[in-house]
Amino acid sequence: MKRKWLALGLSAVMVSGLAACGGGAASSTAPAAESTKAESTAPAAESTKAESTAAAEGTTSTLNIYCWNEEFKTRLEDHYPGYEKIDATHGKIGDVAVNFNITPNTDNAYQNNLDETLLNMDSAAADSKIDMFLVEADYALKYVDTDYTMNVKDLGITDEDISKQYKYTQDIVTDSNGNLKGLSWQGCPGVLIYNREAAKEVFGSDDPATVQEYVKDWDTFAKTADTLKEKGYNILSSVNDSYRVFSNNVSGKWVQDGKIVVDPALVNWVDNSKALVEKEETGTHALWSDDWSKGFYPDGKVFCYFGPAWMIDFSMAADTEGSIANAGGWGATVGPQGFFWGGTWICAAKDTDNADLIKDIMLKLTCDDEVMKEIVTKDNDFVNNKPVMEAMAKDESYGDAVLGGQNALAMFCEGADKIDLSNLSNYDQGCNEEFQNAMKNYFEGGMSYEEALNLFYKAVVEKYPELSY
(Lines give C-alpha, C1' and ligand atoms only; values in the text may rest on other atoms or scores of the structure.)
Protein backbone atom coordinates (compact mmCIF):
# COMPACT_ATOMS: atom_id res chain seq x y z
CA MET A 1 0.00 0.00 0.00
CA LYS A 2 2.31 2.71 -1.23
CA ARG A 3 2.12 6.24 -2.52
CA LYS A 4 4.28 5.05 -5.36
CA TRP A 5 1.30 3.06 -6.64
CA LEU A 6 -0.68 6.27 -6.68
CA ALA A 7 1.99 8.19 -8.56
CA LEU A 8 2.56 5.51 -11.18
CA GLY A 9 -0.98 4.31 -11.56
CA LEU A 10 -3.64 6.83 -10.57
CA SER A 11 -4.18 8.48 -13.91
CA ALA A 12 -3.55 5.32 -15.91
CA VAL A 13 -5.25 2.66 -13.83
CA MET A 14 -8.81 3.87 -14.28
CA VAL A 15 -10.89 5.88 -16.72
CA SER A 16 -14.18 7.52 -15.74
CA GLY A 17 -17.12 5.13 -15.23
CA LEU A 18 -20.33 7.16 -15.12
CA ALA A 19 -20.75 9.38 -15.51
CA ALA A 20 -14.72 10.03 -12.21
CA CYS A 21 -0.19 12.96 -11.95
CA GLY A 22 2.17 14.76 -10.63
CA GLY A 23 5.64 13.58 -9.85
CA GLY A 24 7.47 13.49 -6.59
CA ALA A 25 5.92 10.29 -5.29
CA ALA A 26 8.85 8.05 -6.04
CA SER A 27 10.33 8.74 -2.63
CA SER A 28 7.01 8.15 -0.89
CA THR A 29 7.09 4.41 -0.56
CA ALA A 30 5.75 3.99 2.98
CA PRO A 31 4.53 0.43 3.60
CA ALA A 32 1.20 -0.32 5.22
CA ALA A 33 2.47 -0.30 8.79
CA GLU A 34 4.05 3.11 8.32
CA SER A 35 0.94 4.31 6.53
CA THR A 36 -1.25 3.44 9.50
CA LYS A 37 1.15 5.23 11.79
CA ALA A 38 1.21 8.30 9.56
CA GLU A 39 -2.56 8.41 9.39
CA SER A 40 -2.89 8.56 13.16
CA THR A 41 -0.11 11.03 14.00
CA ALA A 42 -2.58 13.91 14.47
CA PRO A 43 -4.97 12.87 17.26
CA ALA A 44 -8.48 14.25 17.41
CA ALA A 45 -7.63 16.46 20.38
CA GLU A 46 -4.98 18.31 18.37
CA SER A 47 -7.39 18.72 15.46
CA THR A 48 -10.03 20.19 17.74
CA LYS A 49 -7.46 22.48 19.35
CA ALA A 50 -6.32 23.78 15.95
CA GLU A 51 -9.88 24.49 14.89
CA SER A 52 -10.65 26.27 18.17
CA THR A 53 -7.52 28.40 17.87
CA ALA A 54 -8.45 29.41 14.32
CA ALA A 55 -11.94 30.37 15.44
CA ALA A 56 -10.55 32.39 18.36
CA GLU A 57 -8.40 34.38 15.97
CA GLY A 58 -11.43 35.29 13.94
CA THR A 59 -10.71 32.83 11.12
CA THR A 60 -12.14 29.48 10.23
CA SER A 61 -10.76 26.07 9.45
CA THR A 62 -11.66 24.83 5.97
CA LEU A 63 -13.16 21.44 5.14
CA ASN A 64 -12.25 20.77 1.49
CA ILE A 65 -14.42 18.10 -0.15
CA TYR A 66 -13.67 16.70 -3.61
CA CYS A 67 -16.50 15.11 -5.60
CA TRP A 68 -17.85 14.80 -9.17
CA ASN A 69 -21.47 15.90 -8.85
CA GLU A 70 -23.86 17.42 -6.32
CA GLU A 71 -25.32 14.24 -4.86
CA PHE A 72 -23.22 14.18 -1.68
CA LYS A 73 -23.45 17.96 -1.36
CA THR A 74 -27.23 17.77 -1.26
CA ARG A 75 -27.10 14.97 1.31
CA LEU A 76 -24.86 17.09 3.55
CA GLU A 77 -26.95 20.23 3.06
CA ASP A 78 -30.24 18.45 3.66
CA HIS A 79 -29.39 15.95 6.37
CA TYR A 80 -26.34 16.99 8.41
CA PRO A 81 -27.44 18.89 11.54
CA GLY A 82 -26.14 22.45 11.65
CA TYR A 83 -25.01 22.73 8.04
CA GLU A 84 -25.46 26.27 6.70
CA LYS A 85 -25.52 26.70 2.93
CA ILE A 86 -23.75 29.81 1.65
CA ASP A 87 -23.79 29.31 -2.11
CA ALA A 88 -23.57 26.54 -4.71
CA THR A 89 -20.17 25.25 -3.56
CA HIS A 90 -19.70 26.72 -0.09
CA GLY A 91 -21.22 26.18 3.31
CA LYS A 92 -20.44 26.33 7.00
CA ILE A 93 -20.57 23.94 9.94
CA GLY A 94 -19.97 25.83 13.16
CA ASP A 95 -16.60 27.56 12.79
CA VAL A 96 -15.57 25.41 9.84
CA ALA A 97 -15.95 26.68 6.29
CA VAL A 98 -17.01 23.95 3.85
CA ASN A 99 -15.67 24.10 0.30
CA PHE A 100 -16.84 21.70 -2.42
CA ASN A 101 -14.47 21.12 -5.32
CA ILE A 102 -16.75 19.59 -7.97
CA THR A 103 -15.17 18.25 -11.14
CA PRO A 104 -17.37 16.22 -13.54
CA ASN A 105 -16.38 12.64 -14.37
CA THR A 106 -16.25 13.37 -18.11
CA ASP A 107 -12.97 12.27 -19.74
CA ASN A 108 -11.64 11.16 -16.35
CA ALA A 109 -11.46 14.80 -15.25
CA TYR A 110 -12.49 14.12 -11.64
CA GLN A 111 -9.88 11.47 -11.02
CA ASN A 112 -7.18 13.47 -12.79
CA ASN A 113 -7.93 16.49 -10.61
CA LEU A 114 -8.06 14.39 -7.47
CA ASP A 115 -4.85 12.55 -8.35
CA GLU A 116 -2.86 15.70 -8.96
CA THR A 117 -4.09 17.30 -5.77
CA LEU A 118 -3.36 14.24 -3.64
CA LEU A 119 0.13 13.86 -5.07
CA ASN A 120 0.94 17.48 -4.19
CA MET A 121 -0.60 17.47 -0.73
CA ASP A 122 2.71 17.83 1.10
CA SER A 123 3.48 21.17 -0.54
CA ALA A 124 -0.07 22.54 -0.50
CA ALA A 125 -1.22 25.31 1.82
CA ALA A 126 -3.13 24.06 4.85
CA ASP A 127 -6.45 25.60 3.80
CA SER A 128 -6.26 24.08 0.30
CA LYS A 129 -5.45 20.48 1.25
CA ILE A 130 -8.08 17.80 0.68
CA ASP A 131 -9.88 16.77 3.85
CA MET A 132 -12.50 14.47 2.38
CA PHE A 133 -13.10 13.00 -1.06
CA LEU A 134 -15.66 10.75 -2.70
CA VAL A 135 -15.01 7.59 -4.72
CA GLU A 136 -17.11 5.16 -6.74
CA ALA A 137 -17.09 1.37 -6.65
CA ASP A 138 -15.31 0.90 -9.98
CA TYR A 139 -12.18 2.68 -8.87
CA ALA A 140 -12.39 2.69 -5.07
CA LEU A 141 -9.51 0.23 -4.64
CA LYS A 142 -7.26 2.58 -6.57
CA TYR A 143 -7.44 5.03 -3.65
CA VAL A 144 -8.14 2.60 -0.82
CA ASP A 145 -4.85 0.77 -1.39
CA THR A 146 -2.76 3.90 -0.76
CA ASP A 147 -1.83 5.87 2.32
CA TYR A 148 -3.82 8.85 1.06
CA THR A 149 -6.96 7.42 2.68
CA MET A 150 -7.38 7.10 6.44
CA ASN A 151 -8.50 4.00 8.28
CA VAL A 152 -11.92 4.86 9.72
CA LYS A 153 -10.82 3.34 13.04
CA ASP A 154 -8.18 6.06 13.25
CA LEU A 155 -11.06 8.53 13.14
CA GLY A 156 -12.54 6.80 16.18
CA ILE A 157 -15.30 4.91 14.35
CA THR A 158 -15.90 1.48 15.86
CA ASP A 159 -17.18 -1.84 14.55
CA GLU A 160 -20.31 -1.32 16.64
CA ASP A 161 -20.93 2.06 14.97
CA ILE A 162 -21.07 0.44 11.51
CA SER A 163 -22.67 -2.88 12.49
CA LYS A 164 -25.96 -2.14 10.70
CA GLN A 165 -24.37 -1.48 7.31
CA TYR A 166 -24.44 -3.92 4.41
CA LYS A 167 -21.18 -5.81 4.44
CA TYR A 168 -20.51 -5.45 0.73
CA THR A 169 -20.36 -1.66 1.12
CA GLN A 170 -17.47 -2.15 3.52
CA ASP A 171 -15.73 -4.82 1.45
CA ILE A 172 -15.42 -2.41 -1.50
CA VAL A 173 -13.36 0.07 0.55
CA THR A 174 -11.28 -2.39 2.58
CA ASP A 175 -7.60 -2.36 1.65
CA SER A 176 -5.31 -5.34 1.11
CA ASN A 177 -4.36 -5.27 4.78
CA GLY A 178 -7.95 -5.41 6.04
CA ASN A 179 -8.28 -1.71 6.91
CA LEU A 180 -11.65 -0.07 6.26
CA LYS A 181 -10.94 3.18 4.41
CA GLY A 182 -14.34 4.70 3.74
CA LEU A 183 -18.07 4.59 4.43
CA SER A 184 -21.18 5.03 2.29
CA TRP A 185 -24.68 6.20 3.11
CA GLN A 186 -26.19 4.15 0.28
CA GLY A 187 -26.49 0.64 -1.05
CA CYS A 188 -26.85 0.08 -4.80
CA PRO A 189 -28.60 -3.19 -5.63
CA GLY A 190 -30.30 -2.88 -9.01
CA VAL A 191 -33.69 -3.65 -10.51
CA LEU A 192 -35.34 -3.52 -13.92
CA ILE A 193 -37.11 -0.15 -14.29
CA TYR A 194 -39.97 -0.41 -16.77
CA ASN A 195 -42.33 1.92 -18.58
CA ARG A 196 -45.78 1.36 -17.03
CA GLU A 197 -47.74 2.65 -20.02
CA ALA A 198 -45.83 0.36 -22.36
CA ALA A 199 -46.47 -2.58 -20.03
CA LYS A 200 -50.20 -1.91 -19.97
CA GLU A 201 -50.31 -1.50 -23.74
CA VAL A 202 -48.27 -4.60 -24.58
CA PHE A 203 -48.90 -6.98 -21.65
CA GLY A 204 -52.26 -5.72 -20.45
CA SER A 205 -50.91 -4.93 -16.98
CA ASP A 206 -48.23 -2.84 -15.31
CA ASP A 207 -48.22 -4.94 -12.14
CA PRO A 208 -44.61 -5.77 -11.15
CA ALA A 209 -45.33 -9.47 -10.73
CA THR A 210 -46.93 -9.65 -14.18
CA VAL A 211 -44.10 -7.76 -15.83
CA GLN A 212 -41.54 -9.99 -14.13
CA GLU A 213 -42.89 -13.00 -16.01
CA TYR A 214 -41.94 -11.28 -19.26
CA VAL A 215 -38.36 -10.55 -18.16
CA LYS A 216 -37.64 -13.41 -15.74
CA ASP A 217 -34.60 -14.75 -17.62
CA TRP A 218 -32.59 -13.78 -20.68
CA ASP A 219 -34.34 -16.14 -23.08
CA THR A 220 -37.71 -14.75 -22.05
CA PHE A 221 -36.28 -11.24 -22.19
CA ALA A 222 -35.28 -11.79 -25.83
CA LYS A 223 -38.74 -13.07 -26.77
CA THR A 224 -40.35 -10.12 -25.02
CA ALA A 225 -38.11 -7.79 -27.04
CA ASP A 226 -39.71 -9.19 -30.20
CA THR A 227 -43.19 -8.59 -28.81
CA LEU A 228 -42.34 -5.04 -27.78
CA LYS A 229 -40.87 -4.31 -31.20
CA GLU A 230 -44.17 -5.17 -32.83
CA LYS A 231 -45.76 -2.45 -30.72
CA GLY A 232 -43.10 0.13 -31.57
CA TYR A 233 -40.94 -0.14 -28.45
CA ASN A 234 -37.26 -0.92 -28.00
CA ILE A 235 -36.77 -3.14 -24.98
CA LEU A 236 -33.64 -1.16 -24.00
CA SER A 237 -32.29 2.21 -24.97
CA SER A 238 -28.79 0.79 -25.40
CA VAL A 239 -26.90 -2.48 -25.20
CA ASN A 240 -24.93 -0.81 -22.42
CA ASP A 241 -28.02 -0.75 -20.20
CA SER A 242 -27.74 -4.47 -19.54
CA TYR A 243 -23.94 -4.61 -19.28
CA ARG A 244 -23.81 -4.27 -15.50
CA VAL A 245 -26.22 -7.14 -15.05
CA PHE A 246 -23.89 -9.48 -16.92
CA SER A 247 -20.62 -8.06 -15.58
CA ASN A 248 -21.84 -8.39 -11.99
CA ASN A 249 -22.45 -12.09 -12.53
CA VAL A 250 -19.05 -13.18 -13.84
CA SER A 251 -17.33 -16.31 -12.55
CA GLY A 252 -13.85 -14.80 -12.29
CA LYS A 253 -11.82 -11.59 -12.26
CA TRP A 254 -10.89 -9.57 -15.33
CA VAL A 255 -7.20 -10.23 -14.67
CA GLN A 256 -5.89 -13.62 -13.56
CA ASP A 257 -2.16 -14.19 -13.08
CA GLY A 258 -1.45 -11.05 -15.06
CA LYS A 259 -3.57 -12.13 -18.02
CA ILE A 260 -6.78 -10.51 -19.26
CA VAL A 261 -9.66 -13.00 -19.15
CA VAL A 262 -13.02 -12.41 -20.85
CA ASP A 263 -15.61 -14.19 -18.72
CA PRO A 264 -18.34 -16.32 -20.33
CA ALA A 265 -20.96 -14.00 -18.84
CA LEU A 266 -19.53 -11.14 -20.88
CA VAL A 267 -19.54 -13.26 -24.02
CA ASN A 268 -23.23 -13.88 -23.32
CA TRP A 269 -23.77 -10.12 -23.09
CA VAL A 270 -22.11 -9.71 -26.48
CA ASP A 271 -24.25 -12.45 -28.08
CA ASN A 272 -27.51 -11.20 -26.56
CA SER A 273 -26.74 -7.59 -27.43
CA LYS A 274 -25.75 -8.37 -31.01
CA ALA A 275 -29.06 -10.15 -31.55
CA LEU A 276 -31.04 -7.20 -30.18
CA VAL A 277 -29.13 -4.71 -32.33
CA GLU A 278 -29.57 -6.77 -35.49
CA LYS A 279 -33.32 -6.85 -34.85
CA GLU A 280 -33.30 -3.10 -34.17
CA GLU A 281 -34.64 -3.69 -30.69
CA THR A 282 -32.04 -1.54 -28.95
CA GLY A 283 -29.40 1.05 -29.77
CA THR A 284 -25.68 1.28 -29.03
CA HIS A 285 -25.71 4.71 -27.38
CA ALA A 286 -23.23 5.61 -24.66
CA LEU A 287 -24.71 5.83 -21.19
CA TRP A 288 -25.62 9.39 -20.19
CA SER A 289 -25.69 10.56 -23.83
CA ASP A 290 -28.64 12.53 -25.21
CA ASP A 291 -29.71 9.62 -27.42
CA TRP A 292 -29.62 7.24 -24.46
CA SER A 293 -31.79 9.48 -22.30
CA LYS A 294 -34.50 9.94 -24.95
CA GLY A 295 -36.18 6.91 -23.38
CA PHE A 296 -36.85 8.98 -20.26
CA TYR A 297 -39.71 10.52 -22.24
CA PRO A 298 -42.81 8.85 -23.76
CA ASP A 299 -41.77 9.60 -27.35
CA GLY A 300 -38.50 7.76 -26.79
CA LYS A 301 -40.40 4.46 -26.92
CA VAL A 302 -38.05 2.58 -24.56
CA PHE A 303 -39.49 -0.15 -22.38
CA CYS A 304 -36.89 -0.48 -19.65
CA TYR A 305 -33.59 0.47 -18.08
CA PHE A 306 -31.55 -1.33 -15.45
CA GLY A 307 -30.49 0.64 -12.40
CA PRO A 308 -30.33 1.10 -8.62
CA ALA A 309 -32.38 3.45 -6.45
CA TRP A 310 -30.11 6.44 -7.07
CA MET A 311 -30.72 6.21 -10.81
CA ILE A 312 -34.51 6.22 -10.50
CA ASP A 313 -34.82 9.55 -8.70
CA PHE A 314 -31.47 11.19 -9.44
CA SER A 315 -30.80 10.36 -13.10
CA MET A 316 -34.06 9.89 -15.05
CA ALA A 317 -35.23 13.50 -15.40
CA ALA A 318 -37.66 13.27 -12.50
CA ASP A 319 -37.74 17.06 -12.16
CA THR A 320 -38.41 17.67 -15.85
CA GLU A 321 -42.00 18.23 -16.90
CA GLY A 322 -43.07 15.78 -19.57
CA SER A 323 -40.72 13.01 -18.51
CA ILE A 324 -42.00 9.57 -17.57
CA ALA A 325 -40.46 9.93 -14.12
CA ASN A 326 -42.11 13.29 -13.51
CA ALA A 327 -45.47 11.69 -14.21
CA GLY A 328 -44.77 8.70 -11.95
CA GLY A 329 -44.72 6.43 -14.97
CA TRP A 330 -41.98 3.94 -14.11
CA GLY A 331 -42.31 0.65 -12.26
CA ALA A 332 -39.72 -1.70 -10.80
CA THR A 333 -39.32 -5.46 -10.93
CA VAL A 334 -36.45 -7.87 -10.31
CA GLY A 335 -35.52 -8.64 -13.92
CA PRO A 336 -33.46 -11.55 -15.31
CA GLN A 337 -30.61 -11.40 -12.75
CA GLY A 338 -29.64 -9.50 -9.65
CA PHE A 339 -26.84 -6.94 -9.87
CA PHE A 340 -25.52 -3.76 -8.32
CA TRP A 341 -24.29 -0.54 -9.83
CA GLY A 342 -22.10 2.11 -8.34
CA GLY A 343 -22.34 3.79 -5.01
CA THR A 344 -20.49 6.68 -3.43
CA TRP A 345 -18.03 6.33 -0.58
CA ILE A 346 -16.75 9.02 1.78
CA CYS A 347 -13.00 8.86 2.38
CA ALA A 348 -10.98 10.92 4.85
CA ALA A 349 -7.73 12.22 3.40
CA LYS A 350 -4.53 11.66 5.33
CA ASP A 351 -3.40 14.42 7.69
CA THR A 352 -6.74 16.21 7.60
CA ASP A 353 -7.08 18.86 10.29
CA ASN A 354 -10.82 18.18 10.51
CA ALA A 355 -10.75 14.57 11.71
CA ASP A 356 -13.43 15.07 14.37
CA LEU A 357 -15.82 16.72 11.93
CA ILE A 358 -15.27 14.04 9.28
CA LYS A 359 -15.92 11.37 11.89
CA ASP A 360 -19.20 13.04 12.84
CA ILE A 361 -20.27 13.46 9.21
CA MET A 362 -19.58 9.79 8.55
CA LEU A 363 -21.49 8.72 11.66
CA LYS A 364 -24.46 10.98 10.99
CA LEU A 365 -24.81 10.26 7.27
CA THR A 366 -23.97 6.53 7.23
CA CYS A 367 -24.91 5.19 10.69
CA ASP A 368 -27.62 7.31 12.32
CA ASP A 369 -30.99 5.53 12.05
CA GLU A 370 -33.08 8.70 11.95
CA VAL A 371 -30.92 10.37 9.32
CA MET A 372 -30.95 7.16 7.28
CA LYS A 373 -34.73 7.04 7.33
CA GLU A 374 -34.90 10.73 6.45
CA ILE A 375 -32.75 10.14 3.36
CA VAL A 376 -35.09 7.35 2.24
CA THR A 377 -38.28 9.36 2.67
CA LYS A 378 -36.92 12.61 1.22
CA ASP A 379 -34.58 11.35 -1.51
CA ASN A 380 -35.87 7.80 -2.17
CA ASP A 381 -32.31 6.54 -1.85
CA PHE A 382 -31.60 3.01 -0.67
CA VAL A 383 -29.54 3.59 2.47
CA ASN A 384 -26.75 1.58 4.00
CA ASN A 385 -28.64 0.45 7.08
CA LYS A 386 -30.15 -3.02 6.94
CA PRO A 387 -32.67 -2.69 9.82
CA VAL A 388 -33.92 0.67 8.56
CA MET A 389 -34.35 -0.63 5.02
CA GLU A 390 -36.12 -3.80 6.10
CA ALA A 391 -38.54 -1.75 8.20
CA MET A 392 -39.14 0.73 5.36
CA ALA A 393 -39.77 -2.13 2.94
CA LYS A 394 -42.75 -3.12 5.09
CA ASP A 395 -44.00 0.44 5.58
CA GLU A 396 -47.26 0.75 3.64
CA SER A 397 -47.16 4.53 3.92
CA TYR A 398 -43.95 4.76 1.91
CA GLY A 399 -43.85 4.88 -1.87
CA ASP A 400 -41.66 6.41 -4.56
CA ALA A 401 -43.58 8.95 -6.65
CA VAL A 402 -41.36 8.25 -9.68
CA LEU A 403 -42.51 4.63 -9.48
CA GLY A 404 -46.16 5.61 -9.29
CA GLY A 405 -46.12 5.24 -5.51
CA GLN A 406 -44.64 1.74 -5.58
CA ASN A 407 -42.59 0.63 -2.59
CA ALA A 408 -39.81 -1.33 -4.29
CA LEU A 409 -37.55 -1.50 -1.26
CA ALA A 410 -38.14 -5.21 -0.63
CA MET A 411 -36.58 -5.93 -4.04
CA PHE A 412 -33.58 -3.78 -3.20
CA CYS A 413 -33.20 -5.43 0.22
CA GLU A 414 -33.20 -8.88 -1.36
CA GLY A 415 -30.65 -7.76 -3.93
CA ALA A 416 -28.34 -6.15 -1.36
CA ASP A 417 -28.07 -9.39 0.59
CA LYS A 418 -26.89 -11.25 -2.52
CA ILE A 419 -24.17 -8.89 -3.76
CA ASP A 420 -20.91 -10.76 -4.25
CA LEU A 421 -17.69 -8.79 -4.63
CA SER A 422 -15.30 -11.71 -4.79
CA ASN A 423 -14.42 -10.89 -8.41
CA LEU A 424 -13.76 -7.19 -7.91
CA SER A 425 -10.31 -5.97 -9.01
CA ASN A 426 -8.27 -2.81 -9.57
CA TYR A 427 -8.72 -3.19 -13.32
CA ASP A 428 -12.52 -3.28 -13.46
CA GLN A 429 -13.31 0.21 -14.64
CA GLY A 430 -10.73 0.28 -17.38
CA CYS A 431 -11.55 -3.22 -18.64
CA ASN A 432 -15.31 -2.70 -18.51
CA GLU A 433 -15.17 0.54 -20.42
CA GLU A 434 -12.75 -0.68 -23.08
CA PHE A 435 -14.77 -3.85 -23.58
CA GLN A 436 -17.95 -1.89 -24.22
CA ASN A 437 -16.12 0.57 -26.45
CA ALA A 438 -14.58 -2.19 -28.56
CA MET A 439 -17.77 -4.23 -28.87
CA LYS A 440 -19.67 -1.20 -30.18
CA ASN A 441 -17.71 -1.72 -33.41
CA TYR A 442 -18.96 -5.30 -33.60
CA PHE A 443 -22.56 -4.42 -32.77
CA GLU A 444 -22.64 -1.76 -35.48
CA GLY A 445 -21.07 -4.03 -38.09
CA GLY A 446 -17.74 -2.27 -38.44
CA MET A 447 -15.70 -5.21 -37.12
CA SER A 448 -15.95 -8.92 -36.59
CA TYR A 449 -16.11 -10.15 -33.00
CA GLU A 450 -12.48 -11.27 -33.21
CA GLU A 451 -11.37 -7.86 -34.50
CA ALA A 452 -13.29 -6.05 -31.76
CA LEU A 453 -11.84 -8.38 -29.15
CA ASN A 454 -8.32 -7.71 -30.39
CA LEU A 455 -9.04 -3.96 -30.26
CA PHE A 456 -10.13 -4.41 -26.64
CA TYR A 457 -6.98 -6.30 -25.70
CA LYS A 458 -4.72 -3.68 -27.25
CA ALA A 459 -6.56 -0.83 -25.52
CA VAL A 460 -6.31 -2.50 -22.12
CA VAL A 461 -2.62 -3.35 -22.49
CA GLU A 462 -1.93 0.23 -23.52
CA LYS A 463 -3.70 1.36 -20.36
CA TYR A 464 -2.10 -1.33 -18.18
CA PRO A 465 1.27 -2.27 -19.71
CA GLU A 466 1.88 -4.89 -17.03
CA LEU A 467 -0.92 -7.10 -18.43
CA SER A 468 -0.95 -9.66 -21.22
CA TYR A 469 -3.61 -11.61 -23.16
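Start by selecting helix H8 (residues 196-203), which lies across E6, strand E10 (302-308) and E11 and runs at about 65 degrees to E6. The model on screen is predicted, and residues are numbered from 1 along the chain as its sequence is written.

Next, select the strands. E7, E10, E6 and E11 form an open sheet of four strands, in the order E7-E10-E6-E11 and with mixed pairing. Which strands are at the edges? Strand E7 (234-236) and strand E11 (330-333) are the edge strands, and each pairs on one side only. Direction ignored, neighbouring strands of this sheet are turned by 20 degrees against each other on average.

Keep strand E6 (residues 190-195) and E11 on display: the two pair in the antiparallel sense over four bridges. In general, strands of a sheet pair through backbone hydrogen bonds, so show backbone atoms here.

**Salt bridges**

The structure holds 26 salt bridges; this part of the tour visits three of them.

Select Glu70 and Lys73. Their side chains meet in a salt bridge, at 3.9 Å from N to O. Lys73 is buried, at 2%, because the cut-off for buried is under 20%.

Move on to Asp379 and Arg75, whose side chains meet in a salt bridge with an N to O distance of 3.7 Å. This pair links distant parts of the chain: Asp379 belongs to helix H16 (residues 369-379), Arg75 to helix H4 (residues 71-79), and the two are 304 residues apart. Asp379 is buried, with a relative accessible area of 15%, and Arg75 is buried as well, with 6%.

Now select Asp78 and Lys378. Here the side chains meet in a salt bridge at 3.1 Å, N to O. Again the pair links distant parts of the chain, with Asp78 in helix H4 and Lys378 in helix H16, 300 residues apart. Asp78 is partly exposed, with a relative accessible area of 36%.

Definitions and conventions
Predicted model: local features only at pLDDT ≥ 70, side-chain atom pairs only at ≥ 80, totals over all residues. Heavy atoms only, no water. Salt bridge = Lys/Arg side-chain N within 4 Å of Asp/Glu carboxyl O. Buried < 20%, exposed > 50% of the residue type's maximum accessible area, 1.4 Å probe, protein only. Pairing = 2+ DSSP bridges. Axes fitted to C-alpha atoms, helices over the stretch in contact; angles between N-to-C directions. Contact = heavy atoms within 4.5 Å.
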